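Colleague: Could you take me through this structure, please? I should like to begin with the helices and then turn to the charged side chains.

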Amino acid sequence: MADCTTLDSLLEMGFSRNRAEKAVAFTGNQGIERAMDWLMEHENDPDIDEPYVPPAGNVLGSELPDDVTEDPMEIAEGCDAEGEDNAVAKRPLTEEEKQQQIKRLEELMAQKQHEREEREKREAVEREKQRRKQGQELSVVRQKMQEDEMKKIVEERRREKMEEKLAKQRVREKIERDKADRARKFGMGESVPSSSPVEATSVPPSVCQEPLAKKEYDECRLQIRLLDGSTMTQTFKAKEQLAAVRLYVDLNRKDGATPFNFMTSFPRRMFAEEDMEKPLQELGLVPSAVLIVIKK
């Protein structure tokens, strides 16, 4: 009689017979609350409104599978037969009792719906937390990559400075050796008084020529005009390659990631890919110049 009541109660609440029969069958006839839970969980199933088909081999009086204890069609037929046999013993529900039962079931259904919505909200909040956490981790990784790249650039510049310093030292040592060789060559076999005029006459030409020597610059100040019209100003070593300038622009530009080349307006010159390996001094950009970024 409890099975009969569950099926009838679901039908009175407005559920279709297919849904009600499935809920009763798949919950093992364990009461209205279990049936309501099953309907809430499976309301979006694609076959929820299809007629219930009992498992193969399930006939009246045979042992049912563990997950289905009774056939709802048999429940309905049994309810009719048992109702006829026990019409005197069972008092039918009055209209008021039916309304109270329906109201209680509707409240139960609303409560289950509210619980499901709250659960979905919590799950959505948890997903958002996970998304933000992943975004922060990605930002940390990106920042670390940039820091490692800058460390690599600094180390490369330090090595270039050391190599330049050693090269200058070798040049100075060679000049000193050349001076010593010339001193031995011109001073060999001559007395001190006779060698003094030679030295006196040989010094003035070098002294006169020094002011005419071209001034050497160690640094290069570049103003870089980007694609959006904004500018960046940075100082580089005169012996740094043009590729270092391109790397600096890649790491600091705010106008997008469009591939680019460099050019100068006066004198007008387009820098090719092979120019990237040349030092700024050789390209005529020392001591200062304006580079214009153009699209490739």
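Predicted model: local features only at pLDDT ≥ 70, side-chain atom pairs only at ≥ 80, totals over all residues.

Colleague: How far apart are the end C-alpha atoms of helix α5?

Modeller: They are 137 Å apart. Helix α5 covers residues 95-187, which is 93 residues, and at 1.5 Å a residue it should span 138 Å, so the two values agree.

Colleague: Which residues are buried in α5?

Modeller: Ile102, Leu105, Leu108, Arg116 and Ile153 are buried there.

Colleague: Now the charges. How many salt bridges does the count come to?

Modeller: The count comes to 18 salt bridges. One of them joins Lys144 and Asp148, with 3.2 Å from N to O.

Colleague: Where do Lys144 and Asp148 sit relative to each other?

Modeller: Both belong to helix α5, and because they are 4 residues apart, about one helical turn separates them. Lys144 is partly exposed at 49% relative accessible area, and Asp148 is also partly exposed, at 35%.

Colleague: What about Lys174: what does it form a salt bridge with?

Modeller: Its partner is Asp178, and the closest N and O atoms are 3.3 Å apart.

Colleague: Which residues are linked in a network of salt bridges?

Modeller: Glu128, Arg131 and Arg132 are linked in that way.

Definitions and conventions:
Residues numbered from 1 in each chain as written. Heavy atoms only, no water. Helix = DSSP H or I, 4+ residues; strand = E, 2+ residues; numbered from the N terminus. Expected span 1.5 Å × (residues − 1). Buried < 20%, exposed > 50% of the residue type's maximum accessible area, 1.4 Å probe, protein only. Salt bridge = Lys/Arg side-chain N within 4 Å of Asp/Glu carboxyl O.
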